[in-house]
Amino acid sequence: MISPDDRGRPPTAAELHEHLRTALAPHKTPRHWYVTDDVPANAMGKTQKFLLRRRITDGDLTELG
């Protein structure tokens, strides 16, 4: 999940993968990337993953190609 500074020109999935390859093991690099304006969080600031999954399954988030 990314929230790019410039929504008109988000990075490509290949660019993100290449960037993370240097910091993460290959099996930890995400296979799917979605663009969002905000990441839902609870009062403690923890990401509410169930809401993100719901947005993905409902088609509310755009997947980078």
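**Chatting through a predicted chain**

Reader: Hi! What share of the chain's 65 residues is buried?
Author: Buried residues account for 20% of the 65, where buried means under 20% relative accessible area with a 1.4 Å probe, protein chains only. Bear in mind that this is a predicted model, where local features need pLDDT of at least 70, side-chain atom pairs count only at pLDDT 80 or more, and totals for chains, interfaces and linings use all residues. Residues are numbered from 1 along each chain as its sequence is written, and side-chain values use heavy atoms, leaving out hydrogens and water.

Reader: Thanks! How many helices and strands are there?
Author: The chain has 2 helices and 2 strands, taken from DSSP runs (H or I, at least four residues, for helices; E, at least two, for strands). Starting at the N terminus, their order is α-β-α-β.

Reader: Where does leucine 20 sit?
Author: Leucine 20 belongs to helix α1, which covers residues 13-21.

Reader: And which residues does leucine 20 touch?
Author: Leaving aside residues up to four places away in sequence, leucine 20 touches Thr29, Pro30 and Trp33; a contact is heavy atoms within 4.5 Å.

Reader: How far apart are leucine 20 and valine 39 in space?
Author: They are 20 Å apart, C-alpha to C-alpha, with a sequence separation of 19 residues.

Reader: New topic: what does the C-alpha trace span?
Author: Along its principal axes, about 35 × 25 × 20 Å.

How values were computed:
Buried < 20%, exposed > 50% of the residue type's maximum accessible area, 1.4 Å probe, protein only.
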